[in-house]
Amino acid sequence: MSEPSAPGAVRLASAQGRWVLLTAVLGSGMALLDGTVVNVALPRIGEDLHADLAVLQWTVTAYLLTLSSLILLGGALGDRFGRRRVFVIGVVWFAAASLLCGLAPHAGVLIAARALQGVGGALLTPGSLALIQAVLHPDDRARGVGAWSGLGGVAAAVGPFIGGWLVDGAGWRWVFFLNVPLAAVCVPVALRHVPETRERGARAHRGFDVRGAVLGALALAGVTYALIAAPDGGTGPGVLLPAVAGVLLGVLFVQVERRRADPMLPPAIFRIRQFSAINAVTVCVYAAFSGFFFLSVLQLQVVVGYSALQAGTALLPTTVLMLLLSARSGELGQRIGPRIPLTVGPLLCAAGLLLMMRVGQGASYFADVLPALVVLGAGMVTLVAPLTATVLASVDVDRAGLASGINNAAARAAGLMAVAALPLLAGFGPEAYRSPDAFGAAFLRAMPLCAGVLVAGALIAWLTVRTDALRAEPGAEEPCHAKTTFHCGVTAPPLDPGETREGDEQDDQREPER
């Protein structure tokens with residue numbers, strides 16, 4: 001069946017352009033919703049499945065493990081085998097895994113299904129952005145990406161509210177069932193209205209770094225298992241062996257990436273000092289964010305006594321602030337440079353986390369919870385947009401997509417490690433979330449740890465990020481600029497393709513499938 005318009009010629013204002021945008025938003029919205037609603041459901045999941053804190057950790061980390069390990073590979077698969085095809089496979093996979101999560105009879109099935117969800121997320125998340133880049137007319141791509149990021153931000157903002165409403169009403173399983181009807185709309189729209197595209201020419205013959213992806217996943221899995229098992233297993237073989245295996249596999253992963261001609265994670269890109277510095281800041285910032293949002297939802301429900309809906313709604317100020325002000329923050333970063341925002345932003349976030357230490361039994365939302373979340377949101381607004389812009393500006397234009405993907409994966413891996421390690425470091429016992437006193441005491445120990453990581457990120461930014469990092473050096477080409485103007489992700493910075501060199505469309509030969 002012939003398509004109404006060829007790839008690269010679809011205008012955003014046309015009917016087909018709007019269908020393409022709807023497809024991308026529905027797909028990425030599934031993953032964004034999942035990243036925010038599941039945390040709200042954790043106490044009910046633990047209660048219903050008679051699970052300890054380790055199961056709640058695995059419910060989060062199993063998803064992050066496969067997503068962070070495979071997201072770069074997912075984008076490469078779309079380029080080779082067809083962006084629409086891989087995106088649709090990812091949506092169907094994600095929905096099927098979500099259905100399995102909702103039907104899980106016990107914790108083991110739920111954790112395995114969450115890992116499968118992460119695989120689907122790794123296929124659809126980069127694919128949703130790639131559809132807009134490949135299908136829309138070059139003059140409309142920036143507006144298309146901006147609309148995609150803005151609508152995705154709305155999905156992230158309302159996620160905790162929807163999750164709480166479902167948990168208190170139909171039950172926690174509907175947090176996962178929600179993805180099935182979204183997929184049922186997304187897939188036929190994609191097949192009907194989105195033309196197929198893929199890379200042509202020399203770039204289409206690049207190999208897939210499956211070995212690197214598997215080694216990276218196994219390394220993260222080994223360390224994650226050891227961190228989560230440590231409160232029960234101490235320093236026994238069941239903890240030490242996975243930890244050692246994870247470290248060794250990590251070393252092997254680095255060696256494989258160095259020797260491979262077309263690695264998933266090119267080591268050479270980390271020789272760029274500014275790129276390495278901004279990724280170090282990213283790791284600190286998103287490790288703290290992930291640890292905080294994992295524990296704060298539990299704190300609000302277990303200690304303060306909120307319902308799931310109240311806990312989800314309580315967190316809205318952070319994402320709403322990011323949705324409303326992130327574009328202006330990006331403009332400010334362009335004017336004054338990223339060094340100050342990337343230093344002040346983490347410090348504001350650290351202050352917000354320390355204010356959360358006032359949130360205990362009998363806490364008032366307006367006097368205790370809201371001020372902390374507003375300060376945290378102000379810090380996130382200050383730093384996230386300049387962080388993304390600096391990542392893109394630190395590399396050549398034709399490597400902007402890779403740089404953004406690496407930055408996104410680094411943030412998710414940092415979040416994975418934080419959710420695994422923070423309960424151990426703060427002294428949460430396996431049954432802590434069943435006791436308001438025990439959980440509240442451990443929460444008071446956890447917040448300074450998260451704040452300390454944010455201060456470390458601020459220090460790295462102040463010492464390593466150049467004030468002129470977003471400006472072109474004399475005689476050099478203009479640096480790549482971000483296209484995503486709305487930032488609401490609390491678990492990872494947004495994927496951003498950056499700008500495209502003129503003539504790239506002809507080089508890619510993005511022709512429709514016949």
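Start by selecting residues 273-303, helix H10, together with residues 436-464, helix H16; the two pack with their axes 9 Å apart and at an angle of about 165°. Keep in mind that this is a predicted model. Angles over 145 degrees count as roughly antiparallel, and H10 and H16 are therefore roughly antiparallel to each other. Their crossing is left-handed. Show the side chains where H10 touches H16: the contact residues comprise 24 nonpolar, 7 polar and 1 charged.

Next, select residues 400-426, which form helix H15. How far does H15 reach from its first C-alpha to its last? The distance is 38 Å for 27 residues, close to the 39 Å expected at 1.5 Å a residue.

Now follow H15 to Ala-420, where there is a kink of about 30°. Step past the end of the helix to Gly-427, which follows H15 and has a positive phi, near 80°.

Finally, keep H15 and bring H10 back into the selection. Their axes come within 7 Å and cross at roughly 40°. That angle makes H10 oblique to H15. The crossing of H10 and H15 is right-handed, whereas that of H10 and H16 is left-handed.

Note on methods: Residues numbered from 1 in each chain as written. Predicted model: local features only at pLDDT ≥ 70, side-chain atom pairs only at ≥ 80, totals over all residues. Heavy atoms only, no water. Axes fitted to C-alpha atoms, helices over the stretch in contact; angles between N-to-C directions. Helix = DSSP H or I, 4+ residues; strand = E, 2+ residues; numbered from the N terminus. Parallel < 35°, antiparallel > 145°, perpendicular 65-115°, else oblique. Left-handed = near helix turned anticlockwise from the far one by under 90°. Nonpolar A, V, L, I, M, F, W, Y, C, P; charged D, E, K, R; others polar. Expected span 1.5 Å × (residues − 1). Bend = angle between axes of the 7 residues up to and from the residue.
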